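Look over the sequence and the 3D view below.

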Amino acid sequence: MIFITHNPNHADPVGDRFVILQRGQSLGNWAKDELSQGELTQLMAGGAELEELQHELAGADSNGG
């Protein structure tokens, strides 16, 4: 069965494998025991791109806007 969701809280309980797509490209394919729910959430939320954005926003805050 293929279950498509943007919510890791829905995916984690029912999935035994996870394929994460970003803009139509596969970021990887993991067995459930290879990822924690936190890692799954991070990948689904944007992974490295999300971290980069958080750093940019923190820099803008410290520079007054």
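Two strands pair if DSSP finds at least two bridges between them. Helices (H or I, at least four residues) and strands (E, at least two) are DSSP runs, numbered from the N terminus. This is a predicted model, in which local features need pLDDT of at least 70, side-chain atom pairs count only at pLDDT 80 or more, and totals for chains, interfaces and linings use all residues. Residues are numbered from 1 along each chain as its sequence is written, and side-chain values use heavy atoms, with hydrogens and water left out.

**Confidence and layout**

pLDDT is the predictor's confidence in each residue, from 0 to 100. The protein chain has an average pLDDT of 84. At least 70 is reached by 86% of the residues. Strand β2 (residues 25-31) has the highest mean, 93. Helix α3 (residues 48-62) has the lowest, 73. Where pLDDT is low, the predicted coordinates should not be read in detail.

The protein chain has three helices and two strands. Their order from the N terminus is α-β-β-α-α.

**The strand pair**

Strand β1 (residues 17-22) and β2 run antiparallel, joined by six bridges. Leu 21 sits opposite Ser 26 in β2. Val 19 faces Asn 29 in β2. In a regular strand the side chains alternate between the two faces of the sheet.

Which residue in the hairpin of β1 and β2 takes a positive phi? Arg 23 does, with a phi near 55 degrees. Two residues lie between the strands of this hairpin. Arg 23 belongs to the loop between β1 and β2. Arg 23 is not a glycine, yet its phi is positive. Most residues other than glycine have a negative phi, and most peptide bonds are trans.

**Surface and burial**

The accessible surface of the protein chain is about 5,100 Å². Carbon and sulfur atoms account for 52% of that surface. Accessible areas come from the Shrake-Rupley method with a 1.4 Å probe; for residues, only the protein chains shown count as cover.

Buried means under 20% relative accessible area, exposed over 50%, and partly exposed in between (1.4 Å probe, protein chains only). Of the 65 residues in the protein chain, 20% are buried.

| Residue | Relative accessible area | Class |
|---|---|---|
| Phe 3 | 45% | partly exposed |
| Asp 16 | 60% | exposed |
| Arg 23 | 73% | exposed |

Phe 3 lies in the segment before α1 (8-14). Together with Met 1 and Val 14, Phe 3 makes a nonpolar surface patch of about 410 Å². Patches are made of residues with over 30% relative accessible area and no salt bridge; like charges are joined within 9 Å, nonpolar side chains (Val, Leu, Ile, Met, Phe, Trp, Tyr) within 5 Å. A salt bridge is a side-chain nitrogen of Lys or Arg within 4 Å of a carboxyl oxygen of Asp or Glu.

**Contacts along the chain**

Contact means heavy atoms within 4.5 Å. Among contacts in the protein chain with a separation of 6 or more, 29% link residues 24 or more positions apart.

Thr 5 is in the segment before α1. Not counting residues up to four places away in sequence, Thr 5 touches His 10, Ala 11 and Met 44. Thr 5 and Met 44 are 39 residues apart along the chain, but their C-alpha atoms are separated by 9.4 Å.

Asp 16 is in the loop between α1 and β1. Its contacts, leaving aside neighbours within four places in sequence, are Trp 30, Ala 31 and Lys 32. The C-alpha atoms of Asp 16 and Trp 30 are separated by 8.7 Å.
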